[in-house]
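I opened my notebook to get to know a new structure. Come along as I look things up one by one.

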Amino acid sequence: MSRPVLRWDHCVVNREQNVERFVQEYLSQKQRSVCLIAGAGFDPRSTTFADLLAKHKVRTDSLLFREERPSAAKKLRDAAEENLQTLAASLPNRRVEALPIFNQHNLLIGGKKAVEIVAQLNLAGYSDLVLDCSALSRGVIFPIARFLLESQTKANVHLIAVDEPGTDDEIVPVMSERASYIVGFRGAARTGVGPEVALLWLPQLVLKQHRAFELIYDMIKPYDVCPILPFPCADPKLPDKLLEDYSTELQLRWEVDARSIVYAHESDPIDLYRSILRLHFARDRVFRENRGSEIVLSPLGSKLLSLGAMLAAIEHNFPVVYVEAVEYRLDLDRLKTRRTSTGPLVHLWLRGEPYDNA
């Protein structure tokens, strides 16, 4: 049996100095016109890529989202304003949009509103569309990425993220009390798949978020669970910490066999993307003539790794269920002290010139 063709099996990925080379040698070309979509929040990583564009004088129009949550601390709002001033210096042709994540009834609206704003742009007028994920939440990143990839323009589509697991760990989300589908990622779970289908849940584990995973589990009621653990990873003890932290769920509630754990490189989203699709094709062969199979993803761990889950979900229409944060807690002073230098940039080229003749 031939191996299934994966859309991003040979994805163009650049890291560290190669990202700067890409900006310097490609995006800075005179014929290039770049549209940057990014976050302008408190996250110190929000200015990294914009600074690089300014350094190499890339002609850029930018759309900057200010995610707003009702419980946001004043210190974080002040940090977001400081970052916005830095972004303003790097991105003179900018448009800043306030983006409420919840409405007055505490219902999620951020992802839908973000796509509506992006849809108003004249995307056909750009050669390259760049989504900087560094300071945006998953509920905003996922629907925008899908919209860009499915748009009818001929523009190249790029994703950018700063690879800093330590910063991800410092930013602790306070989750809401409701699990939900990410906008545009309801998959077949709500479009015709019957209740007898064997649902396989792939939660991307993160420390101390038991309640969030409990809400998701109760919502989808999976047939099987295959947790995703980062390995290799910056903290070599992290997989053991996760196994210990979720020992009760793994052994008693989810009944996970040790052989069912999925390990994926923390800094390589394509590794997780391939692993998810291998599982999908293997289960499809087993369940196709019987009850059918469906994968449900819950990427709550490191942001870079979650992008691999997003690509798999876009390619095969997997549902993505998560719990949105109502606020974030972190010690900004400690984070700035620890963050003596910025982590490496990672660039994923998802559509355009490298694939036109594939």
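**Entry 1: the model.** I noted at the outset that this is a predicted model.

**Entry 2: the pocket.** I looked up the largest pocket and found about 1100 Å³ of space in it. Its lining is made up of 48 residues. Nearest the centre I found Phe 42, Ile 171, Val 172, Pro 173 and Tyr 328. Several elements give two or more residues to this lining, among them β3 (60-68), α3 (74-90), β7 (172-181) and α11 (303-316). Which element gives the largest share of the lining? I found that β13 does, with six residues. I also sorted the lining by residue kind: 25 are nonpolar, eight are polar and 15 are charged.

**Entry 3: a helix.** Next I turned to helix α2, residues 48-55. Its buried residues are Thr 48, Phe 49, Ala 50, Leu 52 and Leu 53. Just after α2, I came across Lys 57, which takes a positive phi of about 55 degrees.

**Entry 4: the rings.** I looked up aromatic pairs, and the structure holds 14. One of them joins Tyr 246 and Trp 254, and this pair is stacked, at 6.4 Å centre to centre with 20 degrees between the planes. Are these two residues, Tyr 246 and Trp 254, buried or exposed? Both are buried. I then saw that Tyr 246 and Trp 254 form one aromatic cluster with Trp 201, Phe 213 and Tyr 217.

**Entry 5: a charge over a ring.** Last, I checked Arg 146, which lies over the face of Phe 185, at 4.9 Å from the ring centre.

Key. Residues are numbered from 1 along each chain as its sequence is written. This is a predicted model: local features need pLDDT of at least 70, side-chain atom pairs count only at pLDDT 80 or more; totals for chains, interfaces and linings use all residues. Side-chain values use heavy atoms; hydrogens and water are left out. On a 1 Å grid over the protein atoms alone, a cavity is a set of points where a 1.4 Å probe fits but cannot get out, and a pocket is an open set with protein on both sides within 12 Å along at least five of seven lines; lining residues have an atom within 4 Å of a point. Grid points are joined across faces, edges and corners, and a volume is the space filled by probe spheres set on the points. Helices (H or I, at least four residues) and strands (E, at least two) are DSSP runs, numbered from the N terminus. Ala, Val, Leu, Ile, Met, Phe, Trp, Tyr, Cys and Pro count as nonpolar, Asp, Glu, Lys and Arg as charged, and the others, Gly among them, as polar. Buried means under 20% relative accessible area, exposed over 50%, partly exposed in between (1.4 Å probe, protein chains only). Rings of Phe, Tyr and Trp (its six-membered ring) pair if their centres lie within 6.5 Å; planes under 30 degrees apart count as stacked, over 60 as edge-to-face and the rest as tilted. A charge sits over a ring if NZ of Lys or CZ of Arg is within 6 Å of the ring centre and within 35 degrees of the ring normal.
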